[in-house]
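Subject: Structure handover

Hello,

Here is the structure you asked to see. Please open it beside this note, and my findings follow below.

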Amino acid sequence: MLEVNKNYVIDENQQPIAVQIPIAEFEKIEEILENYGLAKLMEEVEEEKPLSKDEALKYYQSLK
């Protein structure tokens, strides 16, 4: 599991209001979340029929 080195930011009443983490750890968390999301999207379309080359090109052109 990813170890996160965190520093708590507290208000004048000593209540935690935020957390600071090193940018490298934040970027690693972002990467993990993006990979998880991509894997879930791939699972959703696993049963779908792949596009032909012409269908894929037409779809790609429609995105521009």
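**What I found**

K40 counts as partly exposed, at 37% relative accessibility. Its partner is E43: the two form a salt bridge, with the closest N and O atoms 3.6 Å apart. Both residues lie in helix α1, three residues apart, or about one turn of the helix. E43 is partly exposed too, with a relative accessible area of 46%.

Before going further, please note that this is a predicted model. The average pLDDT of the chain is 95, and 100% of the residues score at least 70. Among the elements, β2 has the highest mean pLDDT, at 98. The lowest mean belongs to α2, at 95.

**Overall layout**

The chain has two helices and two strands. Along the sequence they follow the pattern β-β-α-α. The radius of gyration is 21 Å, while the globule rule gives 11 Å for 64 residues, so the chain is more spread out than a compact globule. Along the principal axes, the C-alpha atoms fill a box of roughly 60 × 30 × 20 Å.

Two more values for the whole chain. Buried residues make up 3% of the 64 residues. Of the contacts with a separation of 6 or more, 13% are between residues 24 or more positions apart.

**The hairpin**

Strand β1 covers residues 7-10 and strand β2 covers residues 16-20. They pair in the antiparallel sense, over four bridges. N7 stands opposite Q20 in β2. Y8 has V19 in β2 as its bridge partner. As background, side chains in a regular strand alternate between the two faces of the sheet.

The hairpin has five residues between the strands. Q14 sits in this loop between β1 and β2. In general, most residues other than glycine have a negative phi. Q14 is also exposed, with a relative accessible area of 53%. Please look at this residue when you go through the loop.

**Salt bridges**

How many salt bridges are there? The count comes to two. One is the K40 and E43 pair described above. In the other, the side chains of K28 and E31 meet at 3.9 Å, N to O. The cut-off is 4 Å, so this pair falls within it.

K28 and E31 are three residues apart in helix α1, which puts about one helical turn between them. K28 is partly exposed, with a relative accessible area of 37%. E31 is partly exposed as well, at 39%.

**A buried charge**

E25 is in helix α1, which runs over residues 23-44. Is E25 buried or exposed? E25 is buried, yet it has no salt bridge. Buried here means a relative accessible area under 20%. The nearest side chain of opposite charge is K6, and K6 is 8.0 Å away.

What does E25 touch, leaving out residues up to four places away in sequence? E25 touches E3, V4 and N5.

**The loop between the helices**

E48 lies in the loop between α1 and α2, and α2 itself spans residues 53-63. E48 is exposed, with a relative accessible area of 55%. The cut-off for exposed is over 50%, so E48 passes it.

**Where to look**

- K28 with E31, for the salt bridge at 3.9 Å.
- E43 with K40, for the salt bridge at 3.6 Å.
- E48, for being exposed in the loop between α1 and α2.

Best wishes

Technical notes:
Residues are numbered from 1 along each chain as its sequence is written. This is a predicted model: local features need pLDDT of at least 70, side-chain atom pairs count only at pLDDT 80 or more; totals for chains, interfaces and linings use all residues. Side-chain values use heavy atoms; hydrogens and water are left out. Buried means under 20% relative accessible area, exposed over 50%, partly exposed in between (1.4 Å probe, protein chains only). Lys and Arg count as positive and Asp and Glu as negative; His and the chain ends are not counted. Contact means heavy atoms within 4.5 Å. Two strands pair if DSSP finds at least two bridges between them. pLDDT is the predictor's confidence in each residue, from 0 to 100. The radius of gyration is taken over C-alpha atoms; the globule rule is 2.2 Å times the number of residues to the power 0.38.
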